[in-house]
Amino acid sequence: MTPAELASFGITIPPAQDELPYSDGDKMESERHKLQMELLIDGLLPWLDQREDGYVGGAMFVYYSMAQVRNQDFKGPDVFVALGVPKGERKSWVCWEEDKTPDVIIELLSDSTAERDKYEKKLIYQNRMHVPEYFWYDPFNSEDWSGFRLRGGTYQSIAPNPEGRMECEVLGLALVRWQGRFKTVEATWLRWADLEGNVLLTAEEQERQRAEQAENQVQQIARNLLQTGMSIDQVAHITGLSVPQIEMLDE
């Protein structure tokens, strides 16, 4: 039956993804917030690539009820993760199409959103969406971070373990505070890690790590060849390193 025919019987079909708004034109609070969102998403993508299912998104609408659609309350979480769903692009997350709500949500606090994130949104994620785990983090105040796990329909606080990691049970991962540079900003960042504390690298970081390891191997080969008595020119020809590069190794 067509939607019009169903409507004649008083049956309303919820709108599909392509029928719903997916952008309100809002920007992230700051460059730090934007980079923090990217880091959480990009850090999880290689991990998801090893799975046959799963999705991670950010700053996109999550539709969980028709009342929300009628009230035009489209605000979505900063970062969310869902397992057990097909991979692929989404304009927005429509729970009745996906047949589930996100498994994990992370909100990035700011002066203008902190109160809503800590109270109003937390209650929505607990009571309306039943999100198994919810975390918040302030990119400008690394001490303001908390996690909650749904137990008996109510969020219970997740305490960091002795190593300072906050476990995300549903993903089998942890969230850690990491001091370092991401893109152009040096800060304390919230990052994904395995349960042993090893930070999950973004694809860009993995590629840079591989390049550094390859360069170190070539440099070691050059040192070994120099120790055999080969000339710098000969080593340069074999390894592809420049003469100045090898002279620095030979100092």
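1. Overall content. The protein comprises eight helices and 11 strands, where helices (H or I, at least four residues) and strands (E, at least two) are DSSP runs numbered from the N terminus. This is a predicted model, in which local features need pLDDT of at least 70 and side-chain atom pairs count only at pLDDT 80 or more, while totals for chains, interfaces and linings use all residues. Residues are numbered from 1 along each chain as its sequence is written, and side-chain values use heavy atoms, with hydrogens and water left out.

2. Of the 251 residues in the protein, 45% are buried; buried means under 20% relative accessible area, exposed over 50%, and partly exposed in between (1.4 Å probe, protein chains only). Among contacts with a separation of 6 or more, 54% are accounted for by residues 24 or more positions apart, a contact being heavy atoms within 4.5 Å.

3. Helix H6. Residues 203–227 form H6, a helix of 25 residues. From its first C-alpha to its last, H6 reaches 36 Å, close to the 36 Å expected at 1.5 Å a residue; the expected span is 1.5 Å times one less than the number of residues. Glu205, Ala222, Leu225 and Leu226 are the buried residues of H6. Their cover includes strand E11 (185–193), helix H7 (232–239) and helix H8 (243–249). After H6 comes glycine 229, with a positive phi near 105 degrees.

4. Packing of H6 against H7. Two packed helices are described by the angle between their axes and the distance between the axes. For H6 and H7, the axes come within 10 Å and cross at roughly 145 degrees; axes are lines fitted to C-alpha atoms, for helices over the stretch in contact, and angles run from 0 to 180 degrees between N-to-C directions. On the H6 side the contact is made by Val218, Ile221, Ala222, Leu225 and Leu226, and on the H7 side by Ile232, Val235, Ile238 and Thr239. By class, this contact of H6 with H7 has eight nonpolar residues, one polar residue and no charged residues. In this classification, Ala, Val, Leu, Ile, Met, Phe, Trp, Tyr, Cys and Pro count as nonpolar, Asp, Glu, Lys and Arg as charged, and the others, Gly among them, as polar.

5. Serine 65. Serine 65 is located in the loop between strand E2 (62–63) and helix H3 (66–70). This serine 65 counts as buried because its relative accessibility is 12%. Leaving aside residues up to four places away in sequence, serine 65 touches Trp96 and Arg128. With arginine 128, the serine 65 side chain makes a polar contact, side chain to side chain, at 3.5 Å. A polar contact is a pair of N or O atoms within 3.5 Å; within protein, one must be able to donate a hydrogen and the other to accept it, and residues adjacent in sequence count only if both atoms are side-chain atoms.

6. Glutamine 126. Helix H5 (residues 114–128) holds glutamine 126, which is buried because its relative accessible area is 11%. A polar atom of the glutamine 126 side chain lies 2.9 Å from the backbone nitrogen of tyrosine 155. Residues up to four places away in sequence not counted, glutamine 126 touches Leu150, Gly153, Thr154 and Tyr155.

7. Valine 131. The loop between H5 and strand E6 (133–138) contains valine 131, which counts as buried because its relative accessibility is 0%. Not counting residues up to four places away in sequence, valine 131 touches Pro102, Asp103, Val104, Ile105, Tyr125, Leu150 and Tyr155.

8. Glutamate 52. In the loop between helix H2 (31–49) and strand E1 (55–57) lies glutamate 52, which is exposed because its relative accessible area is 80%. Glutamate 52 and glycine 84 are 32 residues apart along the chain, and their C-alpha atoms are separated by 8.6 Å.

9. Alanine 59, in the loop between E1 and E2, has a positive phi of about 50 degrees although it is not a glycine. At 49% relative accessibility, alanine 59 counts as partly exposed. Aspartate 99, also not a glycine, has a positive phi of about 65 degrees. Aspartate 99 is in the loop between helix H4 (95–98) and strand E5 (104–108), and counts as exposed at 71% relative accessibility.
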